[in-house]
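Biologist: I would like to go through this model feature by feature. Please give the general idea each time, and then the case at hand.

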Amino acid sequence: MASTILRVEDVVKRFGGITALKGVTMEVYEGEILGLIGPNGAGKTTLFNVITGVYKPDRGKVYFKGKDITGLPPHKIARLGVARTFQIVKPFKGLTVLENVTAAVFYGPRGDEYSFKAAEEKAMEVLRLVGLEDHADTLATRLNVAMKKRLELARALAQDPELLLLDEALAGLNPREVSAMLEIIRKVREERRVTMIMVEHVMHAVMNVSDRIVVLHLGEKIAEGSPEAVARDPRVVEAYLGDPELALRFVRRLGGGA
Amino acid sequence: MVSPELLGATVINGLLLGVLYGLAALGLSLIWGIMKVVNLSHGATISLGMFLTYMLVVTPMKLPLWAGVVLATLLGVPLGILFYTAAVHKVLGGPELSSLLTTFGLGLVVRGLLEEKYGGAARTIYTPGEKTVRILGISYSYVQLAAVAIAVATTLAVYVLVYRTWFGRAVRAIIMDKEAAALMGVDTTRILALSFALGASLAMLSGSLISLIYAFTPLTGLTFELYSFVIVVLGGLGSPVGSLLGGVIVGLAEQVSALYIPVALSPMVAFIILVAVLALRPTGIFGGM
Amino acid sequence: MGRLAETLATVKNPSALAGLGLAALFYLVGLLAVRDPGYAYYRETIATALVLLNMALGLNIILGMTGYVSFGHVVFFGIGGYVAMALLEYRGWNIYVAMLVAAAAGAALALVLGTIVLRLRGAYFAIATIGLNEAIRVFFENYQPLGGANGIELSVSRVANLRFMGYQGLAAKLHLSYMLLATVTLVAMAMNWFILKSRFGLGLLAIREDEDAAESMGVDTWRYKTLAYMLSAIPPALAGAVFAWKNGSIYPHTAFSLTLSIEGIIAVMLGGAGTFLGTLLGALTYSGVKTYLLTSFPHLHLVLFGIAIMAIVEFLPEGVVGWIRIRYTHLRRILE
Amino acid sequence: MELVYYDDESTSDRVQQLYTKLITEDKVDFLISPYSSGLTAAAAQVTESYGKIMIATGAASDSIFKKGYTRVYQVYTPASKYMAGAIDMLQQVDPGIKKLAFLFENSKFAKSVATAVKAYAESKGYEIVYEEYYPSGATEFTTYIAQIAQSGAEALLGGGHFQDGQSLAQQLYQQKPPLKAVFILVAPTVPEFADIGDAAVGFMGPSQWEAIAPYSPDQAKTLGLEWYGPTIDEFVNAYKAEYGKEPGYHAAGGYVAGLVLQYALEKAGTTNPDKVKDVLDNMHILTFWGEIQFSSRAEDHGLQVAHERILIQWQKVGGKLERVVVWPAKFAKAQALYPIWG
């Protein structure tokens with residue numbers, strides 16, 4: 001097995017009286033795609049926010065490549081090589097697509113080494129990867145939802161991350177757009193060897209593309225393993241997938257391959 | 001140093017003054033809370049209330065004081081709708097800076113018109129009410145006490161309006177989700193225009209009452225606007241009771257501090273409270289609505 | 001090093017050249033006025049515009065590029081003026097050193113104030129800056145060592161030995177103070193340009209557009225905001241220093257008058273927030289229109305002004321240059 | 001002679017622009033100051049640079065005349081002398097009074113007045129038992145009045161601008177603290193002070209000029225001074241004929257600035273600024289405005305040294321509110337109402 005790139009250890013996060021994460025421990029291995037699933041309120045986005053430094057955990061530790069990054073401010077974690085996308089996209093609306101991505105190039109781990117020209121060239125390269133090269137001079141605010149999702153991904157990739165956290169990158173997309181996005185994600189892994197954690201509700205997609213799945217429920221990890229194993233796990237079926245019929249359908253769809 | 005009697009008298013004076021500050025801030029608070037618009041024409045509207053009252057009860061008309069106050073307040077509704085149409089409707093939901101600037105521009109228009117007509121010199125409305133009530137050695141005129149009573153009653157009425165009526169429910173629905181409210185059949189534009197009109201009308205009422213007590217110029221409203229910021233931040237956006245409490249805190253702080261520090265420094269007290277509250281609790285002490 | 005050379009090369013951009021051309025024009029009028037008093041009125045008219053332009057160029061960094069509405073920005077103009085006048089009148093220092101200290105004082109004040117208010121966003125930040133400006137104004141009204149409400153007035157003897165291009169004393173100051181104002185403006189322009197063309201500037205734009213996304217992208221938003229606020233304090237502080245010296249006096253109620261910062265905000269908005277050319281055009285147009293309205297409609301100029309502000313914000317919210325940049329994105333590289 | 005003028009918008013950033021325009025474009029030979037000391041200071045930087053003479057009216061500050069200007073001349077009584085008459089009057093009317101309260105605006109003008117009168121009062125043996133400066137624009141004074149009432153003060157000196165002074169008077173009337181005399185800057189000299197009705201009665205204030213002032217050519221003879229220009233009646237009637245209302249002291253002050261220039265030009269017989277300056281430095285005349293003489297010393301050149309202030313008081317005369325001159329005694333037309341609230 002490949003080496004561990006991220007280790008989350010016994011993380012607890014409370015908001016007022018609500019405990020959003022109740023001692024979550026998990027590992028992410030280099031080069032894999034980890035699917036993070038669970039019903040609404042399971043604590044997925046909270047976990048992302050703890051990993052990326054937006055929230056400081058009340059207890060527990062986060063290690064990235066063996067280094068303790070718990071409580072570091074988000075920009076420091078980002079510059080270590082952790083990039084993320086947001087569930088509700090946050091493009092820099094008043095800037096063009098190219099400017100959005102160029103800014104990200106500049107703030108990657110080696111961003112300060114780039115000249116403007118080199119940064120723009122690199123940004124264009126990323127835009128080609130996500131298929132936005134024809135919209136380089138479009139204002140971000142003019143893009144449709146699917147393109148904004150791609151821009152979000154492009155901006156994260158332009159940071160040259162080793163670990164990429166995708167927060168519902170597929171939400172709000174139609175089936176055709178979903179497969180296109182999945183295609184990009186696969187390409188990213190193949191060409192750039194980026195480790196990814198995907199928070200996703202589009203079940204067949206996440207089952208499809210992930211190497212492993214972690215299931216959160218009410219702030220606790222209730223299952224972990226291959227997509228097949230997780231889909232058959234009775235606790236997961238009960239807590240998340242709901243009726244066994246549905247779970248079966250996933251398995252069937254999985255059987256069909258992609 | 002400071003005798004207990006003087007301290008007591010100052011506290012009462014600060015309380016009564018604070019209630020008027022609270023009323024002056026109420027309109028700003030509602031508009032800010034409901035529409036996320038920091039209405040920089042608020043001070044000019046307060047001044048407008050003062051001069052409208054002057055027109056109604058001194059010259060050219062000579063109506064009784066109560067009629068002047070009532071009419072000035074009621075005129076605030078159509079004026080508020082006009083202001084909303086001219087300065088707010090188009091920028092609602094846009095960046096905060098947009099509405100800051102349009103309402104500031106509107107304030108300039110109102111102030112410019114007042115200065116054109118009245119110049120910079122101060123006016124007073126002579127209230128022949130010689131009758132006073134003495135509390136702890138300080139005399140309060142009936143007009144002053146009536147103004148304070150009206151301010152408290154108005155604040156409570158606005159509280160009831162916002163929390164206990166159809167209008168209030170519609171307003172709060174809009175605050176939570178404008179689109180959903182529209183789907184539920186709430187005419188959002190009309191409600192928002194009416195809310196702005198309510199805010200303007202409250203500003204006019206406070207100006208009208210203040211004009212019965214103090215001398216005023218077209219710029220006097222701006223002083224109250226600055227204090228209103230402090231009060232709204234203290235009391236929380238859109239909260240009528242918060243405005244009242246915030247006003248009382250500012251009134252007390254200003255008056256009581258003057259017993260212990262040089263009077264010339266007293267405006268600093270309010271602004272230091274403002275910055276301290278913002279720095280420590282950006283949502284205000286009494287929270288939102 | 002590569003990036004520095006590349007950034008310097010951007011001054012060949014048409015917008016930068018336009019800025020340099022304007023700066024040359026400012027100096028030229030000053031020099032002409034030295035030789036021929038017939039140009040003095042133009043010089044004075046430009047001087048009035050330059051004070052506003054410096055305020056606008058400062059605001060363009062924090063408001064235009066970073067998105068923080070610093071309503072009370074005039075506090076830096078006031079502090080610059082006060083620091084300079086105290087050194088000039090009480091200590092007899094020369095204007096050059098006084099200017100440097102004023103700039104440093106402006107930046108230092110921004111560092112202190114920024115620590116308090118830069119955690120606030122939107123209207124809360126705007127209002128906090130108003131509160132700070134008012135509190136500091138009241139402080140100066142009461143601080144007797146700097147004259148309190150009496151302000152500081154420059155003695156004729158403090159400039160008696162000043163010489164400039166054949167003039168001496170007050171007359172030399174009249175000419176020199178304008179040339180210094182033009183120089184300060186050039187510095188402010190250069191500052192704006194190089195920030196806009198830098199990685200730092202791009203980081204600021206990212207903060208303006210979405211602070212959370214910028215932070216998670218790796219921008220040290222706290223440090224950047226603080227730095228932007230400090231830099232944005234320098235042009236108004238310098239202009240405040242030169243203006244107070246030129247005017248020969250400074251008083252709390254004029255030095256800390258909110259009008260100047262609000263006019264600066266309007267100038268930035270008029271041209272296009274975050275753009276270089278827009279800020280220049282906005283400030284110069286505003287100042288010109290104001291001079292015209294003041295002389296033509298002395299009593300109704302406030303009304304006309306108010307209407308103009310509403311119309312611009314409602315119908316051209318991005319400002320003139322901003323609108324063109326959005327409409328014709330291919331012109332973005334020319335219209336900076 | 002031609003008059004050129006502009007609206008300065010009362011902001012200092014316009015003043016230098018417009019004074020430069022007057023000098024270099026309109027090519028005026030002599031200038032009259034903008035209103036207020038602050039703006040006059042900014043204008044003086046320009047007029048002095050060009051060697052032009054400026055007559056300052058509406059500028060009561062002492063300080064700008066101590067900065068080394070050589071061609072700026074003040075027709076107003078400087079702030080330092082504003083309230084001296086109040087102390088003189090108190091001494092005569094009620095020698096028993098020893099304790100004073102000060103409640104002035106915290107502005108350049110009021111602060112200068114207060115600083116000077118404080119020194120003067122203390123030199124005359126008075127004790128200042130309460131001294132506060134309220135922020136500009138303040139209109140609420142009740143707490144301070146309560147403090148003054150407790151302080152044991154017997155007379156109050158205060159004020160600053162019209163709005164605050166009027167509110168102060170009204171609230172004093174409502175509270176009626178145990179004061180025997182109240183002197184307020186500016187507000188009582190403005191006719192609109194009467195808007196507060198009966199509350200106005202008894203308040204005194206120092207005035208630059210009143211149409212009821214007693215200067216006359218005859219008086220000039222007794223004082224051994226040269227009389228120049230119209231009499232008070234001539235001025236008032238001409239003003240009324242032109243504008244349809246009584247002239248206030250601003251109007252009179254503006255007029256006298258022109259009158260001073262006219263005098264200097266006539267005497268000099270030329271527009272040469274150096275010659276005109278000589279006349280101004282040495283003149284001492286009596287006009288409808290009162291005595292006029294400028295300091296020619298280097299340390300306070302141009303400062304007004306002769307113009308005297310009069311004290312007015314609001315009284316009810318035949319059921320009507322009126323301003324009457326109550327000080328100096330030689331000019332007084334009526335007995336002062338003392339103590340203020342009977």
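Modeller: Start with a helix pair that spans two chains: the crossing of H7(C) and H2(D) is left-handed. A crossing has that hand if the near helix is turned anticlockwise from the far one by less than a right angle, and is right-handed if clockwise. Helices (H or I, at least four residues) and strands (E, at least two) are DSSP runs, numbered from the N terminus. Before going on, note that this is a predicted model, in which local features need pLDDT of at least 70 and side-chain atom pairs count only at pLDDT 80 or more, while totals for chains, interfaces and linings use all residues. Residues are numbered from 1 along each chain as its sequence is written, chains are lettered from A and ligands numbered from 1 in the order in which they are written, and side-chain values use heavy atoms, with hydrogens and water left out.

Biologist: At roughly what angle do the axes of H7 of chain C and H2 of chain D cross?

Modeller: Axes are lines fitted to C-alpha atoms, for helices over the stretch in contact, and angles run from 0 to 180 degrees between N-to-C directions. Angles under 35 degrees count as roughly parallel, over 145 as roughly antiparallel, 65 to 115 as roughly perpendicular and the rest as oblique. Here H7 (residues 169-196) of chain C and H2 (residues 37-49) of chain D cross at roughly 110°, their axes coming within 8 Å. H7(C) and H2(D) are therefore roughly perpendicular.

Biologist: Which residues make that contact?

Modeller: Contact means heavy atoms within 4.5 Å. H7(C) supplies C:Leu170, C:Ala171, C:Lys173 and C:Leu174, and H2(D) supplies D:Gln45, D:Val46, D:Glu48 and D:Ser49. By class, the residues of this contact are four nonpolar, two polar and two charged. Ala, Val, Leu, Ile, Met, Phe, Trp, Tyr, Cys and Pro count as nonpolar, Asp, Glu, Lys and Arg as charged, and the others, Gly among them, as polar.

Biologist: How do H2 and H7 of chain C cross?

Modeller: H2 (residues 14-35) of chain C and H7(C) have axes that come within 9 Å and cross at roughly 175°. That makes H2(C) roughly antiparallel to H7(C). Their contact involves 16 nonpolar, six polar and no charged residues.

Biologist: And what is the angle between H7(C) and H10 of chain C?

Modeller: The axes of H7(C) and H10 (residues 221-247) of chain C also cross at roughly 175°, and come within 9 Å. H7(C) is therefore roughly antiparallel to H10(C). The contact residues divide into 14 nonpolar, two polar and two charged. Among them are C:Leu180 and C:Val184 in H7(C), and C:Leu238 and C:Trp245 in H10(C).

Biologist: Is B:Ser29 buried or exposed?

Modeller: Buried means under 20% relative accessible area, exposed over 50%, and partly exposed in between (1.4 Å probe, protein chains only). B:Ser29 has a relative accessible area of 0%, so it is buried. B:Ser29 sits in helix H1 (residues 4-35) of chain B. Leaving aside neighbours within four places in sequence, the contacts of B:Ser29 include B:Val232, B:Gly236 and B:Ser243.

Biologist: How much area is buried between chain D and chain B?

Modeller: Buried area is the accessible area (1.4 Å probe) that two parts lose on being put together, summed over both. For chains D and B the area is about 2,400 Å², with carbon and sulfur atoms giving 47%. In chain D, D:Glu140, D:Thr143 and D:Gln174 lose the most area to chain B, together 22% of what that side buries. In terms of contact, 27 residues of chain D meet 34 residues of chain B.

Biologist: Which chains have the most contacts?

Modeller: Of the four pairs of chains that touch, chains B and C have the most contacts. Chains A and B do not touch, and their closest C-alpha atoms lie 12 Å apart.
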